[in-house]
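This report describes selected contacts and the surroundings of the residues that make them. The sequence and the model are shown first.

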Amino acid sequence: MTDLHPPWRWGLLLACLAWLAVVASPPFVAEFADFMRWLLHPVCHQIPERSFVLLAEPVAACHRCTGLYVGFTFGVVLWPFMPSLAARLAARPRWVCAFFVPLMIDWIVADNTPASRFATGVVASFPVALLALLALAQRGERIPTDLKE
């Protein structure tokens, strides 16, 4: 199994945390709230009734998108500490698609809830982080040895 602790992992984690900060920021930086929503608008519908509310202000992403971002971030943090499970999933990367089934079912169901939208987003994106970590590890393996630390 490829080492899931590539140096690039920290950059990916930092990017994930920055993205989550943008999602959560509107209630805390009212003067930039519209700009933060504008940044995320191309990837999320941002319907206020379908977004978490902090300090009486909706965040910049809907429940499901927030779940996707949180699940991916958790995956970046946790996959390196689950090597046997990671190896089994990495051996069958197409199985990652199976984790999207609950999200698709929840998307179709008219009576879904904020919790179900968030949870299915987390479930769907958590294994995708493993694929990203594997790609970063392979990228690190291709760096010539004289350029490695």
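## Contacts across the chain

Ala 30 is classed as exposed because its relative accessibility is 62%, above the 50% cut-off for that class. The model discussed here is a predicted one. Ala 30 is placed in the loop that runs between helix H1 (8-24) and H2. Although 27 residues separate Ala 30 from Glu 57 in sequence, their C-alpha atoms are 9.1 Å apart in space.

Helix H2 covers residues 33-40 and includes Phe 35. Phe 35 has a relative accessibility of 43% and counts as partly exposed. Together with Phe 32, Trp 38 and Leu 39, Phe 35 makes a nonpolar surface patch of about 450 Å².

**The strand hairpin.** Strand S1 (residues 51-54) and S2 are paired in the antiparallel sense, with three bridges. Within this pairing, Ser 51 is opposite Cys 62 of S2. Two residues lie between the strands of the hairpin, where Leu 55 adopts a positive phi near 50°. Strand S2, residues 57-62, is mostly covered, as five of its six residues are buried.

**Salt bridges.** How many salt bridges does a search of the whole structure find? The search finds two. In one of them, Arg 37 is joined to Glu 57, with the closest N and O atoms 2.9 Å apart. This pair links distant parts of the chain, since Arg 37 belongs to helix H2 and Glu 57 to strand S2, 20 residues apart. Arg 37 is buried, at 16% relative accessible area, whereas Glu 57 is partly exposed, at 28%.

The side chains of Asp 106 and Arg 64 also meet in a salt bridge, at 2.9 Å from N to O. Asp 106 is in helix H5 (residues 101-108) and Arg 64 in helix H3, so this pair ties together parts that are 42 residues apart in sequence. Asp 106 is buried with a relative accessible area of 8%, and Arg 64 is buried with 12%.

**Aromatic pairs.** The count of aromatic pairs comes to four. One of them is formed by Phe 52 and Phe 118, which are edge-to-face, with 5.6 Å from centre to centre and 80° between the planes. Phe 52 lies in strand S1 and Phe 118 in helix H6 (residues 114-141), so the pair links distant parts of the chain, 66 residues apart. Another aromatic pair consists of Trp 79 and Phe 126, whose ring centres are 5.0 Å apart; their planes stand at 35°, so the pair is tilted. Because Trp 79 is in the loop between helix H3 (63-78) and helix H4 (83-91) while Phe 126 is in helix H6, this pair ties together parts that are 47 residues apart in sequence.

| Residue | Relative accessible area | Class |
|---|---|---|
| Phe 52 | 29% | partly exposed |
| Phe 118 | 25% | partly exposed |
| Trp 79 | 3% | buried |
| Phe 126 | 18% | buried |

Phe 126 counts as buried because its 18% is under the 20% limit for that class.

**A charge over a ring.** A further contact involves Arg 9 and Trp 10: the charged end of Arg 9 sits over the ring of Trp 10, at 4.6 Å from the ring centre.

How values were computed. Residues are numbered from 1 along each chain as its sequence is written. This is a predicted model: local features need pLDDT of at least 70, side-chain atom pairs count only at pLDDT 80 or more; totals for chains, interfaces and linings use all residues. Side-chain values use heavy atoms; hydrogens and water are left out. Patches are made of residues with over 30% relative accessible area and no salt bridge: like charges are joined within 9 Å, nonpolar side chains (Val, Leu, Ile, Met, Phe, Trp, Tyr) within 5 Å. Accessible areas come from the Shrake-Rupley method with a 1.4 Å probe; for residues, only the protein chains shown count as cover. A salt bridge is a side-chain nitrogen of Lys or Arg within 4 Å of a carboxyl oxygen of Asp or Glu. Helices (H or I, at least four residues) and strands (E, at least two) are DSSP runs, numbered from the N terminus. Buried means under 20% relative accessible area, exposed over 50%, partly exposed in between (1.4 Å probe, protein chains only). Two strands pair if DSSP finds at least two bridges between them. Rings of Phe, Tyr and Trp (its six-membered ring) pair if their centres lie within 6.5 Å; planes under 30 degrees apart count as stacked, over 60 as edge-to-face and the rest as tilted. A charge sits over a ring if NZ of Lys or CZ of Arg is within 6 Å of the ring centre and within 35 degrees of the ring normal.
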